[in-house]
Amino acid sequence: MKNRKKRIDLIIELIKNQCIGSQEELAEILAQKGHPVTQATLSRDLKMLRTTKVPTDRGTYMYVLPDSDSLKDRLLNFGQPLARANYQSGFVSLQFSGHLAVIKTRNGYASGLAYDIDMSNYPEILGTISGTDTILAVLREDVSRARASELFSEILGIDVNDLKE
């Protein structure tokens, strides 16, 4: 059990601080650090940690942890002008229809951004449904578009003035 705890802690540290795109790559790093692991064990560890793979601006994928903003934010947004940050984060546009918000994203980014919206736990946002490049967010009836824009701006790290298509 002690070795498993150390391995899990190391996996968390590696995912937070490095761009790791495959289980093979992660297994190799773990072995180099004295924690050899089978693919099946590593797969169980990653599932237990609820890791997901997100696309990077380089056209590859990387593992991230739930609520992790460390490496992902550095890779996708750090030091970039806003327009470039929006492109790299996957955000494209925001439009409203009644109490629904339709968020367009780059292909493959919708589920990750929808997860971020859901994990924000704002009471004004009831929930999201995501596709490949579109998120449908359901807002409470009394939420204004201005307030919703502010919330999405905060959650997605985008300037409110840039949210209109």
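Let's start inside this predicted model, where the largest nonpolar core has 20 residues. Those with the most contacts inside this core are Ile103, Ile117, Ile125, Ile135, Leu139, Phe152 and Leu156. Several elements contribute: β3 (91-97), β4, α6, β6 (134-139) and α7 each supply at least two residues. The largest share, five residues, comes from α7. There is also a second, separate core of 16 residues, which includes Ile8, Ile11, Leu14 and Val37.

Helix α6 (residues 110-119) packs against helix α7 (residues 145-156) at an angle of about 115°, and their axes are 10 Å apart. That angle makes α6 roughly perpendicular to α7, and the crossing is right-handed. On the α6 side the contact is made by Leu113, Asp116 and Ile117, and on the α7 side by Phe152, Ile155 and Leu156. Sorted by class, these are five nonpolar residues and one charged residue, with no polar ones.

Finally, have a look at Ala101, which lies in strand β4 (residues 100-105). Is Ala101 buried or exposed? Its relative accessibility is 0%, so Ala101 counts as buried. Beyond its neighbours within four places in sequence, Ala101 is in contact with Leu94, Gln95 and Phe96, with Ile135, Leu136, Ala137 and Leu139, and with Phe152. The C-alpha atom of Ala101 is separated by 8.8 Å from that of Arg145, 44 residues apart along the chain.

Notes:
Residues are numbered from 1 along each chain as its sequence is written. This is a predicted model: local features need pLDDT of at least 70, side-chain atom pairs count only at pLDDT 80 or more; totals for chains, interfaces and linings use all residues. Side-chain values use heavy atoms; hydrogens and water are left out. Axes are lines fitted to C-alpha atoms, for helices over the stretch in contact, and angles run from 0 to 180 degrees between N-to-C directions. Helices (H or I, at least four residues) and strands (E, at least two) are DSSP runs, numbered from the N terminus. Angles under 35 degrees count as roughly parallel, over 145 as roughly antiparallel, 65 to 115 as roughly perpendicular and the rest as oblique. A crossing is left-handed if the near helix is turned anticlockwise from the far one by less than a right angle, and right-handed if clockwise. Contact means heavy atoms within 4.5 Å. Ala, Val, Leu, Ile, Met, Phe, Trp, Tyr, Cys and Pro count as nonpolar, Asp, Glu, Lys and Arg as charged, and the others, Gly among them, as polar. Buried means under 20% relative accessible area, exposed over 50%, partly exposed in between (1.4 Å probe, protein chains only). A nonpolar core is a set of buried Ala, Val, Leu, Ile, Met, Phe, Trp, Tyr and Cys residues joined through side-chain atoms within 4.5 Å.
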